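Subject: Structure handover

Hello,

Here is the structure I promised to pass on. Please open it and keep it in view while you read my notes.

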Amino acid sequence: MRKTIMMILIPILLLSGCRGERDENFTSPEGTNTVIVQYDFVSRPSVYYNGQKIFDYEKPGFNEEAYFYVEWISEDEFLLKYDDPSHDGKYAEEYTISLK
């Protein structure tokens, strides 16, 4: 009985740590706005501002853990950028997102 409980409990505990999603916060230069970039299990980003989703990546996901970064243009506008250095920029992507 004890062995059966352990066989059930251990995989549950191991899988609970593999949530697959991760969040990154980016604050504007003057600190007035913060956006959250949240990734799903295949590294597709979604961007949230004030609890609302303002951008959803519509393309297929990635085989590896991909990272997008935010480059602020102004307090209310930024670029969401992806640059894969292993492919010499071949798969670089850039999206302009406005908070207004």
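Start at Tyr57. Its relative accessible area is 6%, so Tyr57 is buried, as the cut-off for buried is under 20%. One thing before you go further: this is a predicted model.

**The aromatic residues**

Which residue pairs with Tyr57? Its aromatic partner is Phe62, and the pair is stacked. The ring centres are 5.9 Å apart, with 25° between the planes. Phe62 is buried too, with a relative accessible area of 15%.

The whole structure holds nine aromatic pairs. Another of them joins Phe55 and Tyr95. Their ring centres lie 5.1 Å apart and their planes meet at 50°, so this pair is tilted.

Phe55, Tyr57, Phe62, Phe68, Tyr82 and Tyr95 make up one aromatic cluster.

**The layout of the chain**

Step back and look at the protein chain. It has one helix and seven strands. From the N terminus, the order is α-β-β-β-β-β-β-β. The chain has 100 residues, and 30% of them are buried. Its accessible surface is about 7,100 Å². Carbon and sulfur atoms account for 54% of that surface. Now take the contacts between residues at least 6 apart in sequence: 31% of them join residues at least 24 apart.

Next, find β6 (77-82). Is this strand mostly covered or mostly open? It is mostly covered: five of its six residues are buried.

β6 pairs with β5 (68-74). Six bridges join the two strands, and they run antiparallel. They form a hairpin, with two residues between them. Look across it: Trp72 stands opposite Phe78 in β6.

β6 also pairs with β7 (residues 93-98). Again there are six bridges, and again the strands run antiparallel. Here Leu80 has Tyr95 in β7 as its bridge partner.

**The nonpolar core**

How many residues are in the largest nonpolar core? It has 18. Val35, Val47, Val70, Phe78 and Leu80 touch the most other members. Four strands each supply at least two residues of this core: β2 (34-39), β3 (45-49), β5 and β6.

**One arginine, two rings**

Last, go to Arg22. Its charged end sits over the ring of Tyr39, 3.9 Å from the ring centre. The charged end of Arg22 also sits over the ring of Tyr67, 4.2 Å from its centre.

That is the tour. Send me your questions once you have been through it.

Best wishes

Technical notes:
Residues numbered from 1 in each chain as written. Predicted model: local features only at pLDDT ≥ 70, side-chain atom pairs only at ≥ 80, totals over all residues. Heavy atoms only, no water. Buried < 20%, exposed > 50% of the residue type's maximum accessible area, 1.4 Å probe, protein only. Contact = heavy atoms within 4.5 Å. Areas by Shrake-Rupley, 256 points an atom, 1.4 Å probe, with all protein chains shown as cover. Core = buried A, V, L, I, M, F, W, Y, C linked by side-chain atoms within 4.5 Å. Pairing = 2+ DSSP bridges. Phe/Tyr/Trp six-rings, centres within 6.5 Å; stacked < 30°, edge-to-face > 60°. Lys NZ or Arg CZ within 6 Å of the ring centre and 35° of its normal.
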